[in-house]
Amino acid sequence: WALSSGTLAVLFGVSQVGAAFFLRANSLIFAVIIVAIVVGFASLLSNHAAIAHLSSDTLAANWGAGFAKPGGDTPPQTVLSVFVVVFPAVTGIMAGANYSGNLKDPGKSIGPGTLLAIAISLVVYSLFALLFAASLQGEELRTDAYAMQNVAFKPGFITAGIYASCISSALGQLTGAACVLQTMARDRLIPVLRPFSYGSAR
């Protein structure tokens, strides 16, 4: 509880500095995530860990739906239960639209930028899914939440990437909502918000 509250307080303080500061800080966070992704890909492709070996037979065995009950009182997995895990991972794609006020030409940049983010995310997630399916047994994938750390050269890089991703998402939510309200006020879409805007209205 103390750690969660302290982290939230720090992130709230960072968000109060402004969106411009967050965007600069996010560049460092993004670099950490990229390193984690590269380490993950390299670890899977090199057959580094004893439990992970690229094999077409393993891929064939894991191909298709294979929902199973992990054990204990946990209910069987379904398409919906897997979807709710994957969905938050891609909602960050839309965070860029929250910062339209910081773009030189939002109308021109948001559309292509969002589509490019979707395309890159789809490629990265799909490649990881295929590599995992071709490297690890289905039981390992279904029951071990730390499978990526177990196969990585340096598990610390993967852990750092997870933390960085969570921090980026939290900061995006804390600052994004304020940016949306500010833009709505500046564009005079909601009259009651107008006193809270600054800058010239478009």
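This briefing walks through the fold, the nonpolar cores, a few individual residues and a surface patch of the protein above. The model is a predicted one, so please read every value below as computed from it. The protein has eight helices and zero strands, and 24% of its 202 residues count as buried.

**Overall fold**

- Followed along the sequence, the pattern of the protein reads α-α-α-α-α-α-α-α.
- Among contacts between residues at least 6 apart in sequence, 68% join residues at least 24 apart.
- About 13,000 Å² of the protein is accessible surface, and carbon and sulfur atoms account for 70% of that area.

**Nonpolar cores**

- In soluble globular proteins, nonpolar side chains tend to be buried together.
- The largest nonpolar core here has 14 residues, and those touching the most other members are Leu44, Phe128, Phe132, Leu136, Met148 and Val151.
- Helices α2 (19-45), α5 (106-135) and α7 (147-151) each supply at least two residues of this core.
- Another core, made of five residues, lies apart from the largest one, and its members include Leu11, Phe22, Ile29 and Leu171.
- Once neighbours within four places in sequence are set aside, Phe128 is in contact with Ile37, Gly40, Phe41, Leu44 and Met148.

**Phe41 in helix α2**

- Phe41 sits in helix α2, and it counts as buried because its relative accessible area of 18% is under the 20% cut-off.
- Not counting residues up to four places away in sequence, Phe41 touches Val124, Leu127, Phe128 and Leu131.
- Phe41 and Ala152 are 111 residues apart in sequence, yet their C-alpha atoms are 8.7 Å apart in space.

**Ser43 in helix α2**

- Ser43 also belongs to helix α2, and with a relative accessible area of 1% Ser43 is buried.
- A polar atom of the Ser43 side chain lies 2.7 Å from the backbone oxygen of Val39.
- A polar atom of the Ser43 side chain also lies 2.9 Å from the backbone nitrogen of Phe153.
- Beyond residues up to four places away in sequence, Ser43 touches His48, Val151, Ala152 and Phe153.
- Val151, one of these partners of Ser43, is also one of the residues that touch the most other members of the largest nonpolar core.

**Ala61 in helix α3**

- Ala61 is found in helix α3, which covers residues 56-62.
- Ala61 is exposed because its relative accessible area is 63%, and the cut-off for exposed is over 50%.
- The C-alpha atoms of Ala61 and Gly138 are separated by 7.8 Å, although the two residues are 77 apart along the chain.

**A nonpolar patch on the surface**

- Leu80, Val82, Phe83, Val84, Val85, Val86 and Phe87 form a nonpolar patch on the surface, and together they have about 660 Å² of accessible area.
- Val86, one of the patch residues, has its place in helix α4, which runs over residues 79-91.
- Val86 has 44% relative accessibility and therefore counts as partly exposed.

Conventions: Residues are numbered from 1 along each chain as its sequence is written. This is a predicted model: local features need pLDDT of at least 70, side-chain atom pairs count only at pLDDT 80 or more; totals for chains, interfaces and linings use all residues. Side-chain values use heavy atoms; hydrogens and water are left out. Patches are made of residues with over 30% relative accessible area and no salt bridge: like charges are joined within 9 Å, nonpolar side chains (Val, Leu, Ile, Met, Phe, Trp, Tyr) within 5 Å. Accessible areas come from the Shrake-Rupley method with a 1.4 Å probe; for residues, only the protein chains shown count as cover. A salt bridge is a side-chain nitrogen of Lys or Arg within 4 Å of a carboxyl oxygen of Asp or Glu. Helices (H or I, at least four residues) and strands (E, at least two) are DSSP runs, numbered from the N terminus. Buried means under 20% relative accessible area, exposed over 50%, partly exposed in between (1.4 Å probe, protein chains only). A nonpolar core is a set of buried Ala, Val, Leu, Ile, Met, Phe, Trp, Tyr and Cys residues joined through side-chain atoms within 4.5 Å. Contact means heavy atoms within 4.5 Å. A polar contact is a pair of N or O atoms within 3.5 Å; within protein, one must be able to donate a hydrogen and the other to accept it, and residues adjacent in sequence count only if both atoms are side-chain atoms.
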